[in-house]
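Please look over the sequence and the model shown here, and then follow the text through one part of the chain.

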Amino acid sequence: MQIKTVMVIGAGQMGSGIAQVFAQSNFDVKLNDISEASLEKGIASIEKNLNRSVQKGRLTEVEKVEIMERLSTTTSLQDASDCDLVIEAVVENMDVKGKVFKQLDEITPAHAILASNTSSLPITEIAAVTNRPEKVIGMHFMNPVPVMKLVEIIRGLATSDETYEAIETTTKALGKTPVEVNDFPGFVSNRVLMPMINEAIYTVYEGVATPEAVDEVMKLGMNHPMGPLQLADFIGLDTCLYIMEVLHEGFGDSKYRPCPLLRKYVKAGWLGKKSGRGFYIYG
Ligand code: CAA
Ligand code: NAD
C-alpha cells in the first residue's frame, strides 16, 4: 500500500519532530492538536530547525519553503478522513489515547494505518478500542526526532504482517532505522532506559550525590551524551513518571516503583525543560 498523506496528532516536542521528518521526506502532513498555541509552537520549532539546516548548507531556501508547504495544521480530527497513516503523539495516558483511536477508527478510510508513538503503553490495548486491530501498530520515535536514527516498531497481538511491512518501509523512507519488538510494558527502549533514570533520581533523593554530580559520573564515566537527570528533564518528568507507572503496574514488580522525588516534582509542575524547571532551571 502507498502512504502519501499523513496526520500527526499532538504538536508537542515529539509530534512536531515527527511532522518535520515526514514533510522532509516528501509526505503531505497534517499536524493536529487540541490547542492552537501548541500548533503555533510546533510549527515555529520546525521552522527554526529548518532555518538552521539552511544556514548549515544542508537545505536550500527553496527546499525549506517546499517542506513548509507540505505541512498544514488543524484542530479537527475530521481532517484525517483522507489520510493513509495517522501517528498519534498525545500525552502518555491510556484514556486520552483510547478516545483518540476510537474517533480515528470512525473517521479514517478503511485502508488507513493507525500508529502510536507511545513510550510504554500496550499497543494491543490501544488496538482493542478499534475495529481494525490488524492495522494498529507502535511507531516509537526517539527525542529529538530530527536527530535520532531509531524507530522502535511495536507489533500488537493482532498487528498484520502487511501493516508491519508498510511501517518498516515508511521508516526507511524517513532515513531512520527500524527495530522490531514485541508488545510488553516499556518495549525495549524504556524498559532499559527508564529504570536507570529512576535509579539516578533515587541517588539524589537519598542524598548520595547532587544532580550535577550524578550527571557528571554518567557522562564522563559511561560516555553518555547527556546525564540521566538532564535526559529526564529533556524527555519531560511527567512522561518519565507515566512510563514508570506503566512498568510498575504492567510487571507488578517493586523494582519499577517510581521514586517519590519524581512524583513530587511532577505534582509541583516541575516537568523539566518544557516547563522551565525540573532537576535544573531553564532560562
Ligand atoms: N531538535 C532538533 N535538532 C536538535 C535538537 C532538537 N531538540 N537538539 C539538538 N539538535 C541538533 C542540533 O541542531 C545539532 O545539529 P547540527 O549542529 O548538525 O545542526 C545536533 O543536534 C547536535 O546538537 P548540539 O551540538 O547542540 O548538542 P549535542 O552534540 O550535545 O547533541 C543531542 C544533542 C543529540 C540531543 C545529544 O545530547 C543526545 O544524543 N542526547 C541524548 C538523547 C537521547 O537519549 N534521546 C532518547 C531519549 S528517550 C526517548 O526518546 C524515548 C522515550 O520514549 C522517552
Ligand atoms: P508534549 O507534552 O510535549 O505534547 C503533547 C501534545 O499533545 C500537546 O501539545 C497537547 O496539547 C496535545 N494533546 C493532548 N491531548 C490531545 C488530544 N486529545 N488531541 C490532540 N492533541 C492532544 O508530549 P511529548 O513529549 O511530545 O510526548 C507525546 C507522546 O510521545 C507521549 O505518548 C510520550 O510518551 C511519547 N514519547 C515522548 C518522548 C519524549 O522524549 N518526550 C519520546 C518518545 C515518545
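Which residue takes a positive phi just after H9? Gly 236 does, with a phi of about 115 degrees. This is a predicted model, in which local features need pLDDT of at least 70 and side-chain atom pairs count only at pLDDT 80 or more, while totals for chains, interfaces and linings use all residues. Residues are numbered from 1 along each chain as its sequence is written, and side-chain values use heavy atoms, with hydrogens and water left out.

Helix H9 covers residues 228-235; helices here are DSSP runs (H or I, at least four residues), numbered from the N terminus, and strands are E runs of at least two. Of the 8 residues in H9, 7 are buried, where buried means under 20% relative accessible area with a 1.4 Å probe, protein chains only. Among them are Leu 229, Phe 234 and Ile 235. The buried residues of H9 pack against helices H1 (13-24), H7 (189-205), H8 (211-222) and H10, contact meaning heavy atoms within 4.5 Å.

Helix H10 (residues 237-251) in turn comes within 9 Å of helix H11 (residues 260-267), axis to axis, and the two cross at roughly 135 degrees; axes are lines fitted to C-alpha atoms, for helices over the stretch in contact, and angles run from 0 to 180 degrees between N-to-C directions. That angle makes H10 oblique to H11, since angles under 35 degrees count as roughly parallel, over 145 as roughly antiparallel, 65 to 115 as roughly perpendicular and the rest as oblique. Residues of H10 including Leu 237 and Glu 245 meet residues of H11 including Arg 263 and Val 266.

How values were computed. Chains lettered and ligands numbered in written order. Buried < 20%, exposed > 50% of the residue type's maximum accessible area, 1.4 Å probe, protein only.
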